[in-house]
Amino acid sequence: MRARSGLGLNAALLAVSTLVTLGLTEAGLRLAGYTPAAFEHTNRIANRGRTLLLDCYPSNPRGYFDVDLHDPATLERYRALGLARLDDAAAHTPYAVERRYSDQQFRSAPIGPHRPGVTRVVVIGDSFTEGMGVKEEDAYPRVLHRLLNTDGEAGHWEVLNCGRRGYDFPALYDLFQTVLAFDPDVVVYGMVLNDALRTPSFDGRQTYVNDWILDRGRMFRDGEARHLRPWTPRLLALVQDRVQTWRIGRDTTRWYHDMYGDANREGWDQTQALLEEMNRRTREKGGRFLIASWPLLVGLEGRYPFADVSETIARFCLSAGIPRHDLLAALYGRPAESLWVHPVDHHPNEIAHRLAAESLVGPVRGLVSETPEAEER
């Protein structure tokens with residue numbers, strides 16, 4: 001009987017201790033004003049001719065966004081330039097970065113004939129290359145241009161940003177055919193893991209709540225901020241938020257892995273064929289082709305979750321004789337969030353672009369001079 005009563009007492013003490021701990025945790029969360037992280041949706045607004053676009057954000061945590069639509073004069077200036085939905089942007093996503101485009105729809109000056117004595121480098125890719133959320137001068141093609149034109153080589157290099165946001169294969173191949181007419185000495189393709197051609201059945205698996213680039217799961221619309229009801233347990237909300245984040249991360253990670261495996265075999269095979277064709281056609285015109293592999297900005301401080309995918313791409317490039325430079329080494333070891341444009345927009349920010357450009361200087365120079373520095377490392 002004494003043993004049973006002792007067990008009962010211990011169980012009761014444990015229950016009371018647990019309840020007290022939970023109660024204190026709940027009280028602490030309430031005092032701290034805890035609510036699951038949420039942000040207004042990001043926004044993209046453009047003029048009719050799409051020669052001017054604003055990447056708009058709900059907050060400016062790093063102080064980087066230099067356009068503030070709260071300012072009446074700024075608002076009127078862009079209104080005069082023909083941008084639509086400015087009032088809505090000013091109300092919900094007032095902090096912005098400007099993007100201007102040439103008539104060729106590239107984020108660069110109009111591209112003319114290849115000048116004699118100048119090495120022309122054309123950089124293609126998606127929003128990572130075009131520079132979503134960063135100023136034109138901070139996008140890695142522009143930084144690479146400045147870095148190459150140093151050390152007595154001023155004026156000897158021309159780096160053109162021909163990235164197009166939202167482009168995957170096969171659209172990226174069409175873009176490549178367009179820029180080949182510019183007679184590049186080097187074509188740098190800034191490859192992102194979601195670029196591979198995907199079969200319709202495989203693509204249907206991804207809900208895009210969070211694709212490790214845009215965290216749509218933490219965005220809300222129409223100014224309807226997510227507020228917890230007074231009676232909703234904060235501790236429960238915290239646990240649910242963590243579980244949802246883990247599940248979405250697990251499913252998205254699996255999707256990226258499968259994109260380069262048997263689940264998307266046909267799509268990956270077609271992507272490899274297109275990359276081989278890009279390399280072949282560039283060389284036929286006397287140029288050189290380089291794949292610059294961008295990592296997704298997640299898990300950079302520990303075991304990078306897509307290291308095996310990167311290795312799959314590296315093996316293909318090696319077997320196909322395509323030079324490749326992995327940008328992971330330039331970014332690894334840094335907190336991923338320190339490289340994000342915004343907490344819900346995980347495109348590379350100006351720091352990541354600078355590091356990528358610095359990393360590419362040697363491979364690009366080496367590729368032109370055919371030195372081993374351009375090979376996979």
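Modeller: Let me begin with a sheet: four strands form an open sheet in the order β2-β3-β5-β4, with antiparallel pairing. Strands here are DSSP runs of E with at least two residues, helices are runs of H or I with at least four, both numbered from the N terminus, and two strands pair if DSSP finds at least two bridges between them. This is a predicted model, in which local features need pLDDT of at least 70 and side-chain atom pairs count only at pLDDT 80 or more, while totals for chains, interfaces and linings use all residues. Residues are numbered from 1 along each chain as its sequence is written, and side-chain values use heavy atoms, with hydrogens and water left out.

Colleague: Which strands stand at the edges of that sheet?

Modeller: β2 (43-46) and β4 (67-68) do, and because each has a single partner strand, one side of each is left without a neighbour in the sheet. For β4, two bridges join the strand to β5 (residues 95-100), running antiparallel, and Asp68 stands opposite Tyr95 in β5.

Colleague: Switching to helices, how far apart are the end C-alpha atoms of α10?

Modeller: They are 20 Å apart, which agrees with the 20 Å that the 14 residues of α10 (residues 307-320) should span at 1.5 Å a residue; the expected span is 1.5 Å times one less than the number of residues. Residues buried in α10 include Val309, Ile313, Phe316 and Cys317, and just after the helix Gly321 takes a positive phi of about 70 degrees.

Colleague: How many cavities are there of 30 Å³ or more?

Modeller: The structure holds two, where a cavity is a set of points on a 1 Å grid over the protein atoms alone at which a 1.4 Å probe fits but cannot get out, and lining residues have an atom within 4 Å of a point. Grid points are joined across faces, edges and corners, and a volume is the space filled by probe spheres set on the points. The largest cavity has a volume of about 80 Å³ and is lined by 13 residues, of which Leu193, Ser293, Trp294, Ser310 and Arg324 lie nearest its centre.

Colleague: Which element gives the most to that lining?

Modeller: α10 does, with three residues.

Colleague: And what lines the second largest cavity?

Modeller: That cavity, with about 40 Å³ of space, is lined by Arg107, Ser108, Glu136, Ala139, Pro141, Arg142, Val159 and Asn161, and α5 (140-148) and β7 (157-161) each supply at least two residues of the lining.

Colleague: Last one: is Gly287 buried or exposed?

Modeller: Gly287, found in the loop between α9 (265-284) and β10 (288-293), is buried with a relative accessible area of 1%. Not counting residues up to four places away in sequence, Gly287 touches Pro184, Asp185 and Thr282, contact meaning heavy atoms within 4.5 Å.

Note on methods: Buried means under 20% relative accessible area, exposed over 50%, partly exposed in between (1.4 Å probe, protein chains only). On a 1 Å grid over the protein atoms alone, a cavity is a set of points where a 1.4 Å probe fits but cannot get out, and a pocket is an open set with protein on both sides within 12 Å along at least five of seven lines; lining residues have an atom within 4 Å of a point.
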